[in-house]
Amino acid sequence: MKPEDKLEDGLEDKIDELVERKGVTRRDFMKFCGLMAATLGLEASFIPKIAQAIASAPRPPIVWLQFAECTGCTEALLRTADPFIDDLLLDKVSAEYHETLMAAAGDAATACLDSAVSKYAGQFLCFVEGAIPTANGGVYGMIGGKTMLQVAREVLPKAKKVISIGTCASYGGLPAAAGGVTGAKGVKDATGISTINLPGCPPNAVNIAALIVNYLLNNQMPRTDRDGRPVFAYANKVHSQCPRRGTNWCLKGFGCKGPLAAHNCPSVKYNGGTSWCVQADAPCKNCTTPGFWDISAPFFDYSGSY
Ligand code: SF4
Ligand code: SF4
C-alpha cells in the first residue's frame, strides 16, 4: 500500500486544493512529506501523518522578529524552490507579525506587534532572526523608538517558545564578530531566555520547515543538543556525511572545517536539494557553530595544512 492510500477521510479534498493552488501534483506533495520525514529521522510510515498535519493541523500563531541581520534567513525560506516550504510559513502557520512580509509599516506595524503579542500571549511561537545589540543599553539597534533589546525583553517572555533562526540569532553571528562595537549577542545570551537554535548562514529552509512540521505533528519542539540545536539536523558532523571523504577531491587542504561543523547540509543540501558548499567546491566554514566568523577565519586556506 502506498502512503497516500492511508490518508484519513476528508483529507483528500484539502490536499487536492493545496496542490492545485501551488500548481504542482499530489506526488510532489507526498514527496515533500517524505523529505520532511527523512529530515526528522522518521520512518516512511509517518508520511501520511505528516500529510495530515500539513493539510489540516491547527495553525499556531507566529510572531517573527528581525533584529541585527541581513534578512538572508527570511530570504532563504521564501526563495526556496520547494513550493511547500514557503506555504508552511505563509499558510500553515498564522504569521501574525513579520516585518518583511507584512504590508503595515511604522506605527501601524508596531501596533500590529503589540496586538499579536497581547492576543496570543503564552500561545505564539516567536521566531527571531538576527543578533541583539546590547552595548550602551542597546542603542545600536532601534525599532520604532525602542531598542531591539527592549523589544526582545518585552515580547519573548510572552511566547510559548522562542526559536532563533540563523547563526546571528542563535549565537551572535557576523554582528558579534571581533572588532564590532555594538555588543551584539545571540538571543539567549542577550535576554537569558532559553531558545531552540537553528543556526546556519543562512539556515537551511528544509530544517526550518521540518521544525514547523514537527510542531504541527507533536505540538512540541524537537530534542536539542547542548548548543540548543535540534538533534535531527545537527547531530552529525559535515565531514562524516561528506561524499568527498577519503577522496582526492577532499577540501581539507584548503581550509575545510567539515570535521568541526555539525549540520545535515550534505544530505539535505540547499536550493531544493541542488547543491551545498563542498559540492560547489567551497570549503565548509563551520557556519553553525558559536563564534564561527572568528574561529573559522580564514575561510579559504591554501597553505595545504589543516
Ligand atoms: S571536503 Fe571537507 S567535509 Fe568533505 S571530506 Fe574533505 S574535509 Fe571533510
Ligand atoms: S557546508 Fe559548512 S559552511 Fe556550508 S552550510 Fe554546511 S555547515 Fe555551513
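A pocket is an open set of grid points with protein on both sides within 12 Å along at least five of seven lines, and a molecule sits in a pocket if more than half of its atoms lie within 2 Å of its grid points. In this predicted model, ligand 2 sits in the largest pocket, whereas the space taken by ligand 1 is the largest cavity.

**Ligand 2**
- The residues surrounding ligand 2 include the cysteines Cys-265, Cys-277, Cys-284 and Cys-287, together with His-263, Tyr-270 and Trp-276.
- Val-238, Lys-285 and Asn-286 also belong to the surroundings of ligand 2, and the shell as a whole has seven nonpolar, two polar and one charged residues.

**Ligand 1**
- Around ligand 1 are, among others, Cys-242, Cys-250 and Cys-256, along with His-239, Arg-244, Arg-245 and Lys-252.
- Val-238, which is listed around ligand 2, is also found around ligand 1.
- By class, the shell of ligand 1 has seven nonpolar, two polar and three charged residues.

**Helix H10**
- Helix H10 covers residues 205-218, and because 14 residues at 1.5 Å a residue should span 20 Å, the 20 Å between its end C-alpha atoms agrees with expectation.
- Of the 14 residues in H10, 12 are buried, so that the helix is mostly covered; among the buried residues are Ala-205, Asn-207, Ile-212, Asn-214 and Tyr-215.
- At the start of H10, a side-chain oxygen of Asn-204 comes to within 2.9 Å of the backbone nitrogen of Val-206, and Val-206 is itself buried.
- After H10 comes Asn-219, which has a positive phi near 60°.

Key: Residues are numbered from 1 along each chain as its sequence is written. Chains are lettered from A and ligands numbered from 1 in the order in which they are written. This is a predicted model: local features need pLDDT of at least 70, side-chain atom pairs count only at pLDDT 80 or more; totals for chains, interfaces and linings use all residues. Side-chain values use heavy atoms; hydrogens and water are left out. Helices (H or I, at least four residues) and strands (E, at least two) are DSSP runs, numbered from the N terminus. The expected span of a helix is 1.5 Å times one less than its number of residues. Buried means under 20% relative accessible area, exposed over 50%, partly exposed in between (1.4 Å probe, protein chains only). A polar contact is a pair of N or O atoms within 3.5 Å; within protein, one must be able to donate a hydrogen and the other to accept it, and residues adjacent in sequence count only if both atoms are side-chain atoms. A residue is near a molecule or strand if one of its heavy atoms lies within 4 Å of it. On a 1 Å grid over the protein atoms alone, a cavity is a set of points where a 1.4 Å probe fits but cannot get out, and a pocket is an open set with protein on both sides within 12 Å along at least five of seven lines; lining residues have an atom within 4 Å of a point. Ala, Val, Leu, Ile, Met, Phe, Trp, Tyr, Cys and Pro count as nonpolar, Asp, Glu, Lys and Arg as charged, and the others, Gly among them, as polar.
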